[in-house]
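Biologist: Could you take me through the helix packing and the charged side chains of this protein, with the criteria spelled out as we go?

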Amino acid sequence: MLDDLSNGLLELLEQHDPEVSRILTDEATRQSTTLELIASENHVSPAVMHAMGTWMTNKYAEGYPGKRYYGGCEFHDQVEELARQRAKKLFGCKFANVQPHSGANANVAAFMAMCEPGDTIMSLPIKSGGHLSHGLKVNFSGTFYKIVDYDLDPKTERLDFDAIAKLARQHKPKMIICGYSAYPRVIDFAAFRTICDEVPGGAVLMADLAHIAGLVATGVHPSPFPHAHIVTTTTHKTLRGPRGGLILSNDEEIAKKIDRKVFPGSQGGPLMHIIAAKAVGFGENLRPEFKTYCKQIVANAKALAEALVKHGYRLCSGGTDNHLMLVDLRQRDPNLTGADAEKWLESAGIIVNKNGIPNDPRPPMVTSGLRLGTPALTTRGMKEKEMGLVAQMLDRVMGSNGDAKVCAEVREDVRGLCADFPLWH
């Protein structure tokens, strides 16, 4: 239970810094008593949390195992090498760099390794489900590279490979990015590689697995290998590890470039306590029960999606194949916005994020949709039956236009469901 895990830490903090202790206690309570439906969030195990909070944080270990710029790195070498080996086994590849501080940092290094400033890169824009580090103008990617957007088919709201191939022939990109933040369907990595190979001189295929990494690692979603030249991901989300980044490849020359562009190209000393936690997380990912968990994530997503449709909501692309869904709220209520729904649901103990839908007429801080995901609920042990209950709660709140009495009633139901499925059960 959360209380048992945190008592020792909070007792120490209460004596040393009661203000921080209070904040951490409140956050522990919030997580324990709310339903987390943000697709990019999850709940790590006690073992991963413990590793993140260890004395490994005390050491500078610039460089790589066996090639550090500081002494005293014997055990840091061991834990980083263990994380590397586990990551390679997990994804069935030959190379892994476990040092990126985040998924965005992993993408910085990948861009630097494979492209020169000014090179053309093709990606899905953020408004259609891409990520800000894939070419948003105010991000490093949109600042230093020429970004050509490919988009979804406006009718199916799915990837249009004929249109992508046509753009690639026209613009001859140095790199094409696939892998997204809000795309609920299976990604055909082989089709992307075919398009890359048809570009004169060949384009690099970069797959960003940040959202689907756990599903890929367990075979619940197809792997980008052997199609992608370079693969980046976060280590949280469906991998259920600490917040951090990871870069993978099968190409030895690309691997050398990646190492140089992580350190010293874009980062200094690695966060060794986080790398230790990554090793723990990868160890958990390699266990048979993690595959069962990932299968349940997808089953839960499909169940939640079907239940929402029955309540009158439209799902972008017609459904989901993975852990997330994009809900178009306008069919249920033309005046309902993602911003309102997010606020009302949080008051009822249901945590979601407003999200633009393809061709959304509303601005990004308002939106016409929600992005919902099932990794965190699945971590709590919930299954298809509970997804039906969650859909009912969502609709009760949104259907009442955030009525305070309804939100309060749902909040109590949420507390009860959380008590039935406690964190770290």
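This is a predicted model: local features need pLDDT of at least 70, side-chain atom pairs count only at pLDDT 80 or more; totals for chains, interfaces and linings use all residues.

Modeller: Residues are numbered from 1 along each chain as its sequence is written, and side-chain values use heavy atoms, with hydrogens and water left out.

Biologist: How are α15 and α16 oriented to each other?

Modeller: Helices here are DSSP runs of H or I with at least four residues, strands are E runs of at least two, and both are numbered from the N terminus. Helix α15 covers residues 384-399 and packs with α16 at an angle of about 160°, the axes being 9 Å apart; axes are lines fitted to C-alpha atoms, for helices over the stretch in contact, and angles run from 0 to 180 degrees between N-to-C directions. Angles under 35 degrees count as roughly parallel, over 145 as roughly antiparallel, 65 to 115 as roughly perpendicular and the rest as oblique. The pair α15 and α16 is therefore roughly antiparallel.

Biologist: Which residues of α16 meet α15?

Modeller: Contact means heavy atoms within 4.5 Å. From α15, the residues taking part are E386, V390, M393, R396 and V397. Their partners in α16 are V406, C407, E409, V410, D413, V414 and L417.

Biologist: What is the orientation of α12 and α15 to each other?

Modeller: Helix α12 spans residues 288-310, and its axis comes within 8 Å of that of α15, crossing at roughly 40°. Between them, Q296, A299, N300, A303, L304, A307 and L308 in α12 meet E384, M387, G388, V390, A391 and L394 in α15. By their angle, α12 and α15 are therefore oblique.

Biologist: Which side chain of opposite charge is nearest to R411, and how far away is it?

Modeller: R411 is found in helix α16, residues 404-420, and, leaving aside neighbours within four places in sequence, R411 is in contact with T33, T34, S347, A348 and G349. R411 is buried (under 20% relative accessible area, with exposed over 50% and partly exposed in between, using a 1.4 Å probe and protein chains only). R411 has no salt bridge, a salt bridge being a side-chain nitrogen of Lys or Arg within 4 Å of a carboxyl oxygen of Asp or Glu. With Lys and Arg counted as positive, Asp and Glu as negative, and His and the chain ends not counted, the nearest side chain of opposite charge is E412, 6.4 Å away.

Biologist: Which residue forms a salt bridge with R68?

Modeller: A search of the whole structure finds 18 salt bridges. The closest N and O atoms are 2.6 Å apart, and the partner of R68 is D77.

Biologist: What is the N to O distance between D197 and R193?

Modeller: Both residues lie in helix α8 (residues 189-198), four residues apart, about one turn of the helix. D197 is partly exposed at 46%, and R193 is partly exposed at 22%. Their side chains meet in a salt bridge, N to O, at 2.9 Å.

Biologist: Is K237 buried or exposed?

Modeller: K237 sits in the loop between β9 (230-234) and β10 (245-249). Leaving aside neighbours within four places in sequence, K237 is in contact with S40, N42, A210 and H211. Its relative accessible area is 9%, so K237 is buried.
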